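Please look through the sequence and the model shown below before reading on.

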Number of protein chains: 2
Amino acid sequence: MGRWEPDAESRFRAAAIELFGEIGYEQTTVAAIAERAGLTARTFFRYFADKREVLFHGSERLQQTMVDALAQAPAEASTVDAIAAALTKAGDFFDDDRRPIARLRSSVIAANADLRERELIKMATLSAALAQALRERGVGEPDASLAAEAAIAVFRVAFAQWVGESEGRSYGRIVKESLARLRTIVAC
Amino acid sequence: MGRWEPDAESRFRAAAIELFGEIGYEQTTVAAIAERAGLTARTFFRYFADKREVLFHGSERLQQTMVDALAQAPAEASTVDAIAAALTKAGDFFDDDRRPIARLRSSVIAANADLRERELIKMATLSAALAQALRERGVGEPDASLAAEAAIAVFRVAFAQWVGESEGRSYGRIVKESLARLRTIVAC
DNA sequence: CCTATGATGTCACTCTGTGTCAACACTATG
DNA sequence: CATAGTGTTGACACAGAGTGACATCATAGG
């Protein structure tokens, strides 16, 4: 069903990340993003609820992917193993060739308070979804919420390291190592 | 140094919480808040960085109070005891006669995504400050960050319960009980 | 009484975000 | 090939958030 120039949404995203990198998030107007994308500001707001959201495109899909991986883990798998499956599956979103864009995106978010707020609520939403998925596996409270929070903590740490390392370990490897560290820390 | 009608800031806060309760956060304009406070919208933005901030007045003082309590805990006190001191000291902000206003404020925040975002970043900032205070007590990483996150978790749970109970336990009592629960959960 | 100072008001302005309707491209159907 | 239908986009008007610049006013202190 593609009409006109296709991929309006991805053109918006590309134009936005370019401009944010060039002149900063606050200095970039939605009109400027739209102009670079060959569209209008009104159309921008048909694709994104607000200006911040253009930087958080994959979050719903990432969440759904991790929830699915958690649900499809073997019934006899422990809570930690199910969490590990979800964290590993998230690696589908973090190919090594996307690392430069991820790094740029991270630096833009780090530089702006509004964007940090938005990222926090995305993480909180993801945590709540994972906790719900754990409860549906029969994990009780507060274990489910605690495990979900721990999963988010590992995710943040691993993602930050993956973004920070220029040509280092893959996301999958970092997640494995971070999980192992958490296990030794938590082990009584 | 009081001139004009005093307490402009607290009048803004009172007018805002009233209007938010009456017609909702989004339907309330800054101009309406200012009118009820007997001032102008321009002056509102001299007291508050943005419209959301009017609901988060005490956060810096709360944070400073908790950090101070943490720093002043006996040097021989354990990490958990220092955290407990900070959480207990926070009770100075939660007198039982402020409970109705706290409840109204909480319901306003819960009903609006932008306000939930702002609350999340306030909690994250508080967590970072507590972790820093713990490191200054000689607690290493990742213990300091983990303990700070646990403290925030207890704070949120305790505050939510205190707000929810009409004429129930005091904040101090709830914090004590929540901490005891966390201890039994974490105990190996 | 007079003046320095700080708090407030006024005005003009940019930008975000929304509602509404017209114009348009494409698809399907006859 | 014509035409109706569907969904996308543009154009316009608009309300509200937030800011900068400057005027105005109340008061403290001499």
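## Two neighbouring helices

In this predicted model, the axes of helix 4 (residues 59-72) of chain A and helix 7 of chain A come within 9 Å, crossing at roughly 20°. Because angles under 35 degrees count as roughly parallel, helix 4 of chain A and helix 7 of chain A are roughly parallel to each other. The crossing in which helix 4 of chain A passes helix 7 of chain A is right-handed.

Helix 4 of chain A brings A:Ser59, A:Gln63, A:Met66, A:Val67, A:Leu70 and A:Ala71 to the contact, while the residues from helix 7 of chain A include A:Lys122, A:Thr125, A:Leu126, A:Ala129 and A:Leu130, with A:Ala133, A:Leu134 and A:Glu136 also among them. By class, the residues of this contact between helix 4 of chain A and helix 7 of chain A divide into 9 nonpolar, 3 polar and 2 charged.

## A residue of helix 7

A:Ala124 also has its place in helix 7 (residues 113-136) of chain A. Is A:Ala124 buried or partly exposed? A residue is buried if 20 or more other C-beta atoms lie within 10 Å of its own, and exposed if 12 or fewer do; A:Ala124, with 16 C-beta neighbours inside 10 Å, therefore counts as partly exposed. Between A:Ala124 and A:Val175 there are 51 residues of separation in sequence and 19 Å in space, taken from C-alpha to C-alpha.

## Chain A as a whole

The secondary structure of chain A consists of 9 helices and 0 strands, and its elements, read from the N terminus on, run α-α-α-α-α-α-α-α-α. Along the principal axes, the C-alpha atoms of chain A fill a box of roughly 55 × 35 × 30 Å.

Of the 188 residues in chain A, 26% are buried. When contacts in chain A between residues at least 6 apart in sequence are considered, 61% of them join residues at least 24 apart.

## Where the chains meet

The contact between the two chains takes 9 residues from chain B and 9 residues from chain A. On the side of chain B that touches chain A, the largest share, 6 residues, comes from helix 7 (residues 113-136) of chain B, and the residues of that side divide into 6 nonpolar, no polar and 3 charged.

Chain B is superposed on chain A by a rotation of 180° with 0.0 Å of shift along its axis, at an RMSD of 0.0 Å. That is the relation of a two-fold axis. Of the interface residues of chain B, 100% are also interface residues in chain A, so the copies meet through the same surface.

Notes. Residues numbered from 1 in each chain as written. Chains lettered and ligands numbered in written order. Predicted model: local features only at pLDDT ≥ 70, side-chain atom pairs only at ≥ 80, totals over all residues. Contact = placed C-beta atoms within 7 Å. Helix = DSSP H or I, 4+ residues; strand = E, 2+ residues; numbered from the N terminus. Nonpolar A, V, L, I, M, F, W, Y, C, P; charged D, E, K, R; others polar. Least-squares fit on C-alpha atoms with pLDDT ≥ 70 in both. Axes fitted to C-alpha atoms, helices over the stretch in contact; angles between N-to-C directions. Parallel < 35°, antiparallel > 145°, perpendicular 65-115°, else oblique. Left-handed = near helix turned anticlockwise from the far one by under 90°.
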